[in-house]
Structures are given as C-alpha cells and as structure tokens.
Amino acid sequence: MTDLTGMNITMASGKGGTGKTTVAVNFAWFLAYTGQKVQYLDCDVEEPNGHIFLKPAIRASSASKVMVPVIDQTKCTSCGECGAKCQFHAIVNLPGDTLIFPGLCHSCGLCSAVCPTGAITEGTRDVGIMENGKGTKEIEFIHGILNVGEAMAVPLIKKVKSGLKDQYVHIVDAPPGTSCPVVATLNGSDAVVMVTEPTPFGLHDLKIAIDVAKLLNIPTGVVINRDQGGYRPLSDYLETNNIPVLAVIPEDPDIARHYSQGSIILESLPRYIDTYLSLAVNLGKLLGGHNVHARRAQS
Ligand code: SF4
Ligand code: SF4
C-alpha cells in the first residue's frame, strides 16, 4: 500500500449529509491501523464533529483572532475616505460619526492605510477557538470551532491548517459546499476525495465541487457512499470526465447505527476494512499519476 506520509488529503463534498466526516474519520483510523502516522484536521469549523468519533484528549486550546479597525473619533474628520474604499461595506460614514460593522470586516487593513489623519488603529476580535490533542490510534487531532453567528470562517481554517505536522499523513475534513471556506481548505491539497451519494441532488452538487477542484488543479477522486446498486447518471458523469471511483460504500443500516453511536465503523464492522484499503490503494494511484512535488513548486 502506498505510504501517504506528507500528503494533504482533503475530504470534501458538494453538499452536507453525504457521509464525508464518516469517511474521513474512518480513513484516518484505517491509515493509523496500517501503521502510518496520521494527523486529522477538522476544517468544517461551523459544524466540527470529527471529535465525536476520534475522541481526542484535548491538550491545548487557543482563541482565533482577526484584526478589526478601531476609530479614534477625536482624530476623525468625517472625510468619508475609509467608507468609500471599503469593498465590504463594513464602514459607514455619517455626519460627525464613523461606524464600523466588525462582522462584515475582512481585516484587509485598507481603511487604516487610506485614513489621512491616522484615526484608524488595528484592534482584534475573537472568531472562534482552535483545539488540539490526541485521539484514538494516536491520531493527532486539530479542529476549529467558529463562534455562533460568526461569518469569518477562513481565518480560523487557516489557523487550523497552520498546525500541519511534518512526517504525518494529513486528513483534512473540509466544510460542505463550494464557498470561500471550502476553497481555503482545498488550497495546498495534494488530492481531494469527494464523498457523494448516488442521487440527483448529490450528483448536481458533486459536479460543482469537482469544477472547483479542477480550477485549483487538484487531483480528485470520488467515494460513492450509501450505494444501492449503482446510479447510471453518476457513473456516466465520472466516466466521461475521467474521474476515478476510489471506493464504494453500500447503504447499510449497521453503518448508520454505529455512526449514530459515535463509533468508528471499522472497529465495529471490520468487514469494511477492505473498502478502505481500496480507497488507500486507489488514492495512491491517483497521486502517483500526478507530479505532486512539481505542482507544489508551482503553487
Ligand atoms: S479592514 Fe478592510 S474590510 Fe475591514 S473595515 Fe477596513 S477596509 Fe473594510
Ligand atoms: S478616513 Fe479617517 S478621517 Fe476619514 S472618515 Fe475615515 S476614520 Fe475619519
């Protein structure tokens, strides 16, 4: 089996509810079971749940902060320059007052750069926390937990990814969908494993997610989850676009039962170990067909 040490393998899905995290935690467990050193990074910061299955003992926690401008009203001349330049409408200039809306601010720093009177300084605000620890099978674990109602997921995702350790296989659990947090998670990946369900909705969202991975030039394969004997439109699409099927997991009430109990499926149902072996072998072939190091040098 291919040694995946040093690889960044991102588990993604076009939509929620495909079983992405189930596949991600079980694949992390499988690689650790085969003797590889594994680090699991949960970048699904709005709804992280990898910890439910990997059960890490948390050893450290730190706040994730972003820069937010602070205005000294005594220096502000209400010239309107900051509000005019802010692309994100995070500053409103009123006669005699300048208001900041921190939830809209993207921390670009432009407003302080253009302020002619030096009225804007840089403060910070918390957007969430990052925790790390060690889970089952000695899996190194990091996740981010975004504050409720917080929109700025990307800085927290970057903080989680900054914890990547050398000499480990990195299994990165991406948020569902194709928004900015997904792109931030996919950046720097050596391969993407798209977990999909064989339904019209699953296929629709899978196509969009695969287009994003193509734009980022990341080798992509698919895990078909909850298969019920094949779904022709999905297999036709994958064949036409030359996208490999890395593994097929059948619809199985036993999997659903163990999932609902927060269990690692492979511990309870070892008959699926061969499925994850196929995933590892096919992923190795996918990576082997791409010059990862050359691609990294270009990025
Ligand atoms: S830091 Fe950037 S995004 Fe935030 S208020 Fe200033 S100009 Fe707008
Ligand atoms: S650019 Fe500076 S002086 Fe002008 S409105 Fe903004 S904070 Fe006030």
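**Overall form**

The structure is a predicted model. Its chain comprises twelve helices and eleven strands. Along its principal axes, the C-alpha trace spans about 70 × 45 × 40 Å. Of the 299 residues in the chain, 41% count as buried. When contacts between residues at least 6 apart in sequence are considered, 76% of them join residues at least 24 apart.

**The nonpolar cores**

The largest nonpolar core contains 67 residues, and A28, I171, V193 and V223 are those with the most contacts inside it. Helix α1 gives the most to this core, contributing nine residues. Another core, of eleven residues, lies apart from it and has C105, C111, C115 and I120 among its members.

I171 illustrates how parts of the chain meet. If residues up to four places away in sequence are not counted, I171 touches I9, M11, A24, F27, A28, V38 and Y40.

L31 has its place in helix α1. This residue counts as buried because it has 26 C-beta neighbours inside 10 Å, where 20 or more are required. Not counting residues up to four places away in sequence, L31 touches L4, Q36, V38, V169 and A280. The C-alpha atoms of L31 and S107 are separated by 38 Å, and the two residues are 76 places apart along the chain.

**Helix α11**

Helix α11 runs through residues 273-288 and has 16 residues. From its first C-alpha to its last it reaches 22 Å, close to the 22 Å expected at 1.5 Å a residue. Its buried residues are T275, Y276, L279, A280, L283 and L286. These lie on the same side of α11, because they cover an arc of only 140° around the axis. The face turned away from this buried side carries the exposed residues D274, K285 and G288.

Which elements do the buried residues of α11 pack against? Their partners are the strands β1 (8-12), β9 (191-196), β10 (220-227) and β11 (245-250), together with the helices α1 (20-33) and α10 (265-268).

**The surroundings of the ligands**

The residues around ligand 1 are P69, C86, F88, A90, I91, C105, H106, S107, C108, G109, L110 and C111. By class, this shell has nine nonpolar, three polar and no charged residues. Ligand 2 is surrounded by 14 residues, of which C76, C79, E81, C82 and C115 are the closest. The shell around ligand 2 divides into seven nonpolar, six polar and one charged.

F88 is found in the loop between α3 (81-85) and β4 (91-94). Leaving aside neighbours within four places in sequence, F88 is in contact with L104, C105 and H106. F88 and C105 are 17 residues apart in sequence, and their C-alpha atoms are 6.5 Å apart in space. S107, in turn, is found in the loop between β5 (97-100) and α4 (110-114).

| Residue | C-beta neighbours inside 10 Å | Class |
|---|---|---|
| F88 | 12 | exposed |
| S107 | 20 | buried |
| E251 | 13 | partly exposed |

A residue is exposed with 12 or fewer such neighbours and buried with 20 or more. F88 therefore counts as exposed with its 12 neighbours, and S107 counts as buried with its 20.

**Backbone angles and a further loop**

Most residues other than glycine have a negative phi. S107 has a positive phi of about 60°, although it is not a glycine. K137 likewise has a positive phi, near 55°, and is a residue other than glycine. K137 lies in the loop between β6 (120-134) and β7 (140-146).

E251 is found in the loop between β11 and α9 (253-260). Not counting residues up to four places away in sequence, E251 touches R226, D227 and Q228. E251 and P56 are 195 residues apart along the chain, and their C-alpha atoms are separated by 28 Å.

Methods:
Residues are numbered from 1 along each chain as its sequence is written. Chains are lettered from A and ligands numbered from 1 in the order in which they are written. This is a predicted model: local features need pLDDT of at least 70, side-chain atom pairs count only at pLDDT 80 or more; totals for chains, interfaces and linings use all residues. A residue is near a molecule or strand if its C-beta atom, placed from the backbone, lies within 6 Å of it. Ala, Val, Leu, Ile, Met, Phe, Trp, Tyr, Cys and Pro count as nonpolar, Asp, Glu, Lys and Arg as charged, and the others, Gly among them, as polar. Helices (H or I, at least four residues) and strands (E, at least two) are DSSP runs, numbered from the N terminus. The expected span of a helix is 1.5 Å times one less than its number of residues. The arc is that of the directions from the helix axis to the C-beta atoms. Two residues are in contact if their C-beta atoms, placed from the backbone, lie within 7 Å. A nonpolar core is a set of buried Ala, Val, Leu, Ile, Met, Phe, Trp, Tyr and Cys residues joined through C-beta atoms within 7 Å.
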